[in-house]
Structure formats: structure tokens, C-alpha cells
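Here are my notes on this model, as numbered points. Please read them with the structure open.

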Amino acid sequence: VIAIPPAFFIEYSLNHAIAGVPFDMLPRVWADVSQSALFGLNAGLTEEAVKGAGLLVLIYIVRDRFENITDGILYGAIIGAGFAMIENIAYFANADTSKRAWTFLILGRVVLGWLGHSTFTACFGAGLGMMREGRMPFRPWLPPLLGFVAGAALHSFFDFVNFQANTAVHNSPGAPVVNVLALLAVILDYGPLFAAQFALWVMLQRSLAREAGILREYLADEVRQNVLSPEEYVTLQRVSVRQRFERALLLARGLRLWLATRTLYATAVGLAFAKWRTATKPADPQLTAAPPNAYRARLRRLHRTLRALDRATTTPEDGVSKQRG
């Protein structure tokens, strides 16, 4: 909702200017390719700049919630998903009513390309996350720049292929060879997109592993001080284990206990990162997170709440099973 109006205005204005360029001095094929390339470049640079501005706003106003590659990829993906959702509504609302047009829209924008905008913006987000991690302290601006260039280039090339395929079909109506080649080009156009998604997935897994290391290092003494139990300490380090346990808890014990447990885990993660932040970024003036003692006090309150909820949701059969266990 925020990004699409300025993107539409800028793209429309630039596309109007591109359409007025005298490409007819070139051979027909090169004229079409040049125009499609400029249309694609306009879409890629404009939309990624507008969506990327949202990431820059986030990194400024919630700096302590944007501190590694995981945050950058996820925030970028969410911003891209919101942009794609509104854009898809516009595409489907203005689409030709023919079955062929709807088939291409559903296949291209829903089945194959539903993560397209998320992927492009997540590239910039990953670069910003690298900067926040301090991966290149002497050139902190380089990862965000490379991430933005990668996302904009992927977006521009993706749109260029689609523009050129549509132009080729429009200029050669009823030519089966042209239609087949255009369809093949559109399908192969998703190859770089899928490759980028795989690269982002690998980066995300490695970032999650580094997060687990932060939890392991900075929560160990919280177990010794009885702020966390050993079981909670182990569970917190594995996102998949934590999620499976939360799902089982929701199904077996109800919503309130599930919510309280999720809140406890989130607070424990917040404690670990508050301690990590204090140790590694003591001079960052824009950090606004609560101090570690505030997290510890909340964890103690949550443990009391969980014990009360556990007693309230335990049936007599559960109590017998626990005693036998």
C-alpha cells in the first residue's frame, strides 16, 4: 500500500518517456529488444528502490530488531510479499477475460512467481543484515550495495524477458514457432529466480546457525542462575524443535498455554540478543532494547504464569502419568 503508489507514478512517467524514444532508427528486432530492456530496467530499479526504502526505514526506527541476515531476509521477503499481493490484485483486475490470459497469470504470478518480489527485496535485506552483523567493518556499505544491485538486476532481467516475449507474440500473431519460443523463454526466466531463492535459503540457514550459537553462548549462565531450565536452554537452540513442541502444545493443552510458552521463548531470545548487543555493540546510539535485567524479570513472571496455566490445564489422567514418569 505504501510502496505501490510512488512506484506506479515513477514507472508510468518513465515508461511514457521510453515509449517516445525514436527506436525506429534501429532494425526492428534491436528496437524491440532495446525498448524491452529499458522497460525492464525501469521496473527493476524503481520498484526495488521503493521497496528498499521500507527496509531503510525499518533499520532506522527499529534498529535493535534488525541486526543480522535472518532479519534482513525475512523483512525483505515480507515487504516484497505485500507489494506482490497488491500488484497481483491489479493484474487480475485488469486482465483480459480470455482463458489464455488467466492461465498465464495464474501460472506466472501465482504458481511459479509468488516469491518473486520477496526474493528481489530479500537480496537487499540480506546485504543490510550483513552490514548490521559487521561482516565487512572496513566497507560496511558494500554488502547492501551488492544486495541491491543483485535484486534490481534479477528483477530487471526477469521483466525484460517477459516484456520481450509479449512483444514478440504481439508482433507475430498466429506464428506457432514464435509462441512456443516465447513460452519457453518465460518458463526459463524463472531459473535465475529459483537460483537466487536457493542462495538466500542457504544464507538464512547459516544465519540461523549463528543465532543458535548466540543463544548457546549467552544463555548458558542463565541456566546456572535458574532463570531458564536446562530443557528450555536446549529447546531454544533449535528452531525446528521449538516449533514442533509449540504445535504439539497448542493441540494438546490449549491456546493460553501455547501463547505463554511462545512469549517465554521470545523473551529468552530477546535476553540472549540483549546480552550479545551489550557485548558487541555498546556504542550504538540507536539501540532501544530493554536491558538484560528487564528480560530476566519478565521471564520469572512468565514462569509463574506457565506454572499456573499448567496446573489449570492438567487433567487427573495427566497427573497420574506425570507421577509415573
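1. The main core. The model is predicted. Its largest nonpolar core holds 25 residues. Leu219, Leu228, Leu236, Leu264 and Leu299 have the most contacts inside it. Four helices each supply at least two residues of this core: helix 8 (190-218), helix 10 (230-236), helix 12 (255-280) and helix 13 (292-313). Helix 12 gives the most, with ten residues.

2. Leu219 in that core. Which residues does Leu219 touch, not counting those up to four places away in sequence? The list is Ile214, Leu228, Tyr233, Leu236, Ala268, Leu271 and Ala272. Two of these partners, Leu228 and Leu236, are themselves among the residues with the most contacts inside the core.

3. Helix 1. This helix covers residues 4-19, 16 residues in total. From first C-alpha to last it reaches 21 Å, close to the 22 Å expected at 1.5 Å a residue. Its buried residues are Ala7, Glu11 and Ile18. They lie on the same side of helix 1, because they cover an arc of only 25 degrees around the axis. In general, residues three or four places apart in an α-helix point the same way, because there are 3.6 residues a turn. The buried residues of helix 1 pack against helix 2 (28-61) and helix 3 (69-93). On the other side of helix 1, Phe8, Phe9, Tyr12 and His16 are exposed.

4. Asp71. This residue is found in helix 3, one of the helices that the buried residues of helix 1 pack against. Is Asp71 buried or exposed? Asp71 is buried, yet has no salt bridge. The nearest side chain of opposite charge is Arg277, 7.5 Å away. A salt bridge needs a nitrogen-to-oxygen distance within 4 Å. Leaving aside neighbours within four places in sequence, Asp71 is in contact with Arg65 and Phe66.

5. A search of the whole structure finds eight salt bridges. In one of them, the side chains of Asp221 and Lys275 meet at 2.8 Å, N to O. The pair links distant parts of the chain, with Asp221 in helix 9 (residues 220-224) and Lys275 in helix 12, 54 residues apart. Asp221 is partly exposed, with a relative accessible area of 25%. Lys275 counts as buried, at 12% relative accessibility.

6. The side chains of Arg262 and Glu246 meet in a salt bridge at 3.2 Å, N to O. Arg262 lies in helix 12 and Glu246 in helix 11 (residues 239-253), so the pair ties together parts 16 residues apart in sequence. Arg262 is partly exposed at 40% relative accessibility, whereas Glu246 is buried at 7%. Arg253 and Asp310 also form a salt bridge, at 2.7 Å, N to O. This pair links helix 11, which holds Arg253, with helix 13, which holds Asp310; the two residues are 57 apart. Asp310 counts as partly exposed, at 25% relative accessibility.

Methods
Residues are numbered from 1 along each chain as its sequence is written. This is a predicted model: local features need pLDDT of at least 70, side-chain atom pairs count only at pLDDT 80 or more; totals for chains, interfaces and linings use all residues. Side-chain values use heavy atoms; hydrogens and water are left out. The expected span of a helix is 1.5 Å times one less than its number of residues. Buried means under 20% relative accessible area, exposed over 50%, partly exposed in between (1.4 Å probe, protein chains only). The arc is that of the directions from the helix axis to the C-beta atoms. Contact means heavy atoms within 4.5 Å. A nonpolar core is a set of buried Ala, Val, Leu, Ile, Met, Phe, Trp, Tyr and Cys residues joined through side-chain atoms within 4.5 Å. Lys and Arg count as positive and Asp and Glu as negative; His and the chain ends are not counted.
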